[in-house]
Amino acid sequence: MTSSFLPFDPCAPAVPCQLPPVDVAIVGGGVVGLSLACALRQSALKVAVIEAVPTAGAIAKGQAYALHQVSRQFFREIGVWEALAPRIQPFEQVQLSDGTFSQTVRFDPQDLGTEVIGYVAEHAVLVDTLQATLKAASNVVVYCPWRVIETQGGGDRAQLTLVSADLAQPQVAHLSARLIVAADGGKSAVREQMGLKPWGWHYPQSCVVATLNVAHPQPVLAYERFWPTGPLGVLPLPGDRYRVVWTLPHEMAAAVLALEDAAFLERLRPYLDPAMAEITGVSERFIFPTQLMQVNSYVGDRCVVIGDAAHRCHPVGGQGLNLGLRDVWALAAQLQAIAPQDIGSYPQLRQFQRQRFWQNSLTLAFTDLLNRLFSNNWLPLVLLRRGGLLALRSIPILRQGVLRFMAGLTFPVS
Ligand SMILES: Cc1cc2nc3c(=O)[nH]c(=O)nc-3n(C[C@H](O)[C@H](O)[C@H](O)COP(=O)(O)OP(=O)(O)OC[C@H]3O[C@@H](n4cnc5c(N)ncnc54)[C@H](O)[C@@H]3O)c2cc1C
């Protein structure tokens, strides 16, 4: 079996066919799904990844993510760090500030005992590196662009029905697996089909994201500036570019999204760090809703949910993908520990649930608290948070504790 990243055409047109059975069927070839396939590529398990959207479509929004130290450890462990590192941007400092309050907090690598605080990786780079790694994997096959339209647990094997992306002449295929891993994102249809119920809420805010080009190289700094309307995160990208994640109430976000380039930059400028270099250009803008969501049980009948399919948090602090990668790390270790016994066995998979649920819950609660504490103008909270920033500035052990938590280093991985 070989990996395939080309439009896959396993069946005669319009004739349902049975694909070769696998041990693990990963639904969703985003960063989380592909990472799990990479983590299992040297195992004895047969793995299929099914991804609905061709790669070009998935990278069009130019997403980029802050990756924390724990994600670096994970990529190193699964053997993709060497290929990834030259293509992503390390940052040496993170600065937090509250609007125009002059007392900012700066986190340095010494606070973590590392050389840098974290990294910024573009979606395209992550997906490309992971796909390239999988090309040499003889136990992984990628069906793309194919969409999973139905899943069923029960019995010895789970069943999946796939349909090809060719709308003019869609093909149907069936696949059986010992375990389905739902890595199909926040709107996960597999989660729904498997009866795993999410809970949570939508924030009254959306994020407008854009890439800025700047005139001069700057010290490599990421920063988050908290405004009563919502946080503004700025992440350095390779090549004198910055990714801006600007959280605003829905109506303001929609209005900002509709602005022409020059008007958008004029509106953005007062929210940025005054020391930011001259901006020479701005990319197309995209908007994302914000949400907190968690599934009570990550494990169903021959099914596990991971990444955004299992939990979503506010983008403040750049935690979502990092949590998803920790899910992958824990699940890959668990599956390899269970094999050659039945990897779809519910009691065995409960260990994954026990390990990840509370750690994810804590981070979700932390991002929720951070956003609520800062996204308002209520004087007692203004005083409280500014006092908190002063405490972080002057008490190194507190600063180190917060940074270790945000970098995912507070809890052991397994
Ligand atoms: C504005 C913003 C900024 C963010 N910044 C950061 C950050 O700095 N750091 C960080 O860690 N996180 C960040 N996040 C969170 C991060 O984007 C997500 O946690 C992460 O992308 C989730 O990855 P995933 O692979 O689980 O899901 P997705 O990226 O949603 O991937 C799911 C995949 O499944 C596929 N799929 C869906 N349904 C099917 C189906 N039926 N059949 C086949 N395929 C299917 C989709 O096409 C998609 O490719 C941010 C989020 C937002 C909104």
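Trainee: Which residues does Leu 160 touch, leaving out those up to four places away in sequence?

Mentor: Leu 160 touches Ala 25, Val 27, Ile 50, Val 148, Glu 150, Thr 151, Ala 173, His 174, Leu 175, Ala 177 and Ile 180, where a contact means heavy atoms within 4.5 Å. Please keep in mind that this is a predicted model, in which local features need pLDDT of at least 70 and side-chain atom pairs count only at pLDDT 80 or more, while totals for chains, interfaces and linings use all residues. Residues are numbered from 1 along each chain as its sequence is written, and side-chain values use heavy atoms, with hydrogens and water left out.

Trainee: And what core has Leu 160 among the residues with the most contacts inside it?

Mentor: That is the largest nonpolar core, which has 107 residues, and Phe 75, Leu 175 and Ile 306 are listed along with Leu 160 as having the most contacts inside it. A nonpolar core here is a set of buried Ala, Val, Leu, Ile, Met, Phe, Trp, Tyr and Cys residues joined through side-chain atoms within 4.5 Å, and buried means under 20% relative accessible area, exposed over 50%, and partly exposed in between, with a 1.4 Å probe and protein chains only.

Trainee: Which helix gives the most to this core?

Mentor: Helix H9, residues 320-338, gives the most, with nine residues; helices (H or I, at least four residues) and strands (E, at least two) are DSSP runs numbered from the N terminus. There is also a second, separate core of 24 residues, which includes Leu 221, Trp 227, Val 244 and Leu 272.

Trainee: Switching to charges, how many salt bridges are in the whole structure?

Mentor: A search of the whole structure finds 11, each being a side-chain nitrogen of Lys or Arg within 4 Å of a carboxyl oxygen of Asp or Glu. In one of them, the side chains of Arg 178 and Asp 23 meet at 3.9 Å, N to O, and this pair links distant parts of the chain, with Arg 178 in strand S12 and Asp 23 in strand S2, 155 residues apart.

Trainee: Are those two buried or exposed?

Mentor: Arg 178 is partly exposed, with a relative accessible area of 29%, whereas Asp 23 is buried, at 17%.

Trainee: What about Arg 87 and Asp 128?

Mentor: They form a salt bridge too, with the closest N and O atoms 2.9 Å apart. Arg 87 lies in the loop between helix H4 and S5 and Asp 128 in helix H5, so the pair ties together parts that are 41 residues apart in sequence.
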